[in-house]
Amino acid sequence: MAHMDFLLATSDCSSCPIRHRAVCASCNGAELNRLSDMKSYRSCKAGEVIALEGGVLPFVASIVTGCATLTQSLEDGRMQMVGLLLPSDFLGRPGRATAPFEVVAVTDTTLCVFERLAFERMMAETPHVADRLLKMALDELDAARDWMLLLGRKTAREKVATLLAIILRRAPSAAFPLRAELPLSREAMATYLGLTIETVSRQMTALRKDGFIRLEGTRGIVCGDLPSLISVTGDETVILSDYGRNDRSA
């Protein structure tokens, strides 16, 4: 794993942008203070490997800002992107010392990091944390099933609309129109969705021309009517489930 110095946390957890969506969402008082004392921040540059598939992972973490991809190797050496980590998603598995996926920062990314063994001890003593992590893990299972449907049965238009709707539902502000920065390039979107770059570009253009989205700059996306965009996904449950509304672990 690429080396990166760990920075001691100095900010108040109550002002954290993911405070009410992350693994600590159910904590308060002494529990939150304990987590605050345990945490550190790690900053990763775009393209940096955060964890190697099968490599030792001595920490768990929440994504505070930015985006990372989860990638798994096939026997013939090919790589398949199997997931995205967005703000408030959880990285790592208590009880598991190695990473099941390669995790790479797609954008500049900030992690709120906990030493794994210390976090495991807190989980054993703090039901709120264990219950929240279980819920996030179950949400991830639902998300994996949703993506099996997306990759196997949806049309190109439905695939692109689904990905855009999921990203917009996780926009920093819930005010309309929703605005978000696409964390993936067109090439990465194509890889993730099982499409060609040309197809992704055509579908993005078609969604813009049909009035479902507006594009700002190279990565900006604006949507004034999310229900209309959701209607294009082919399966509203993918977006209206906890995966689209809440957060996951990886």
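The protein chain holds nine helices and 12 strands. Helices (H or I, at least four residues) and strands (E, at least two) are DSSP runs, numbered from the N terminus. This is a predicted model, in which local features need pLDDT of at least 70, side-chain atom pairs count only at pLDDT 80 or more, and totals for chains, interfaces and linings use all residues. Residues are numbered from 1 along each chain as its sequence is written, and side-chain values use heavy atoms, with hydrogens and water left out.

**Exercise 1. The chain as a whole**

Task: State what percentage of the residues in the protein chain is buried.

Solution. Start with the term. Buried means under 20% relative accessible area, exposed over 50%, and partly exposed in between (1.4 Å probe, protein chains only). The chain has 250 residues, and buried ones make up 46% of them. Now turn to contacts, meaning heavy atoms within 4.5 Å. Take those in the protein chain with a separation of 6 or more: 75% come from residues 24 or more positions apart.

**Exercise 2. H4 against H5**

Task: Find how helices H4 and H5 pack, and which residues meet.

Solution. Step one is the geometry. H4 covers residues 156-169 and H5 covers residues 186-193. Their angle is about 115°, and their axes are 11 Å apart. That makes H4 roughly perpendicular to H5. Axes are lines fitted to C-alpha atoms, for helices over the stretch in contact, and angles run from 0 to 180 degrees between N-to-C directions. Angles under 35 degrees count as roughly parallel, over 145 as roughly antiparallel, 65 to 115 as roughly perpendicular and the rest as oblique.

Step two is the residues. H4 brings Lys159, Val160, Leu163 and Leu164. H5 answers with Met189, Tyr192 and Leu193. By class, this contact of H4 with H5 has six nonpolar, no polar and one charged residues. Here Ala, Val, Leu, Ile, Met, Phe, Trp, Tyr, Cys and Pro count as nonpolar, Asp, Glu, Lys and Arg as charged, and the others, Gly among them, as polar.

Step three is burial. In H5, the buried residues are Ala188, Met189, Ala190, Tyr192 and Leu193. Glycine 194 follows H5 and has a positive phi, near 70°.

**Exercise 3. Bring in H6**

Task: Describe how H6 packs on H4 and on H5.

Solution. Take H4 and H6. Their angle is about 70°, with axes 9 Å apart. H4 and H6 are therefore roughly perpendicular to each other. On the H4 side stand Ala156, Arg157, Val160, Ala161 and Leu164; on the H6 side, Thr199, Val200, Gln203, Met204, Ala206 and Leu207. The contact of H4 with H6 has eight nonpolar, two polar and one charged residues.

Next take H5 and H6. These two pack at about 105°, and their axes are 8 Å apart. H5 and H6 are therefore roughly perpendicular to each other. Arg186, Glu187, Met189 and Ala190 of H5 meet Ile197, Val200, Ser201 and Met204 of H6. The classes in the contact of H5 with H6 are five nonpolar, one polar and two charged.

**Exercise 4. The largest nonpolar core**

Task: Name the residues that touch the most other members of the largest nonpolar core.

Solution. A nonpolar core is a set of buried Ala, Val, Leu, Ile, Met, Phe, Trp, Tyr and Cys residues joined through side-chain atoms within 4.5 Å. The largest has 33 residues, and Leu164, Leu168, Met189, Leu207, Leu226 and Leu229 touch the most other members. Among the elements that each supply at least two residues are strand E6 (79-85), H4, H5 and helix H6 (197-209). H4 gives the most, with seven.

Beyond four places in sequence, Leu168 touches Leu178, Ala180, Ile221, Cys223, Leu226 and Leu229. Another core, of 20 residues, lies apart; Cys24, Tyr41, Phe114 and Phe119 are among its members.

**Exercise 5. Single residues**

Task: Decide for serine 88 and glutamate 181: buried or exposed?

Solution. Serine 88 sits in the loop between E6 and strand E7 (90-91). Serine 88 counts as buried, at 0% relative accessibility. Its phi is near 85°, positive in a residue other than glycine.

Glutamate 181 lies in strand E10. Glutamate 181 is exposed, with a relative accessible area of 57%. Leaving aside neighbours within four places in sequence, glutamate 181 contacts Ile167, Arg219 and Gly220.
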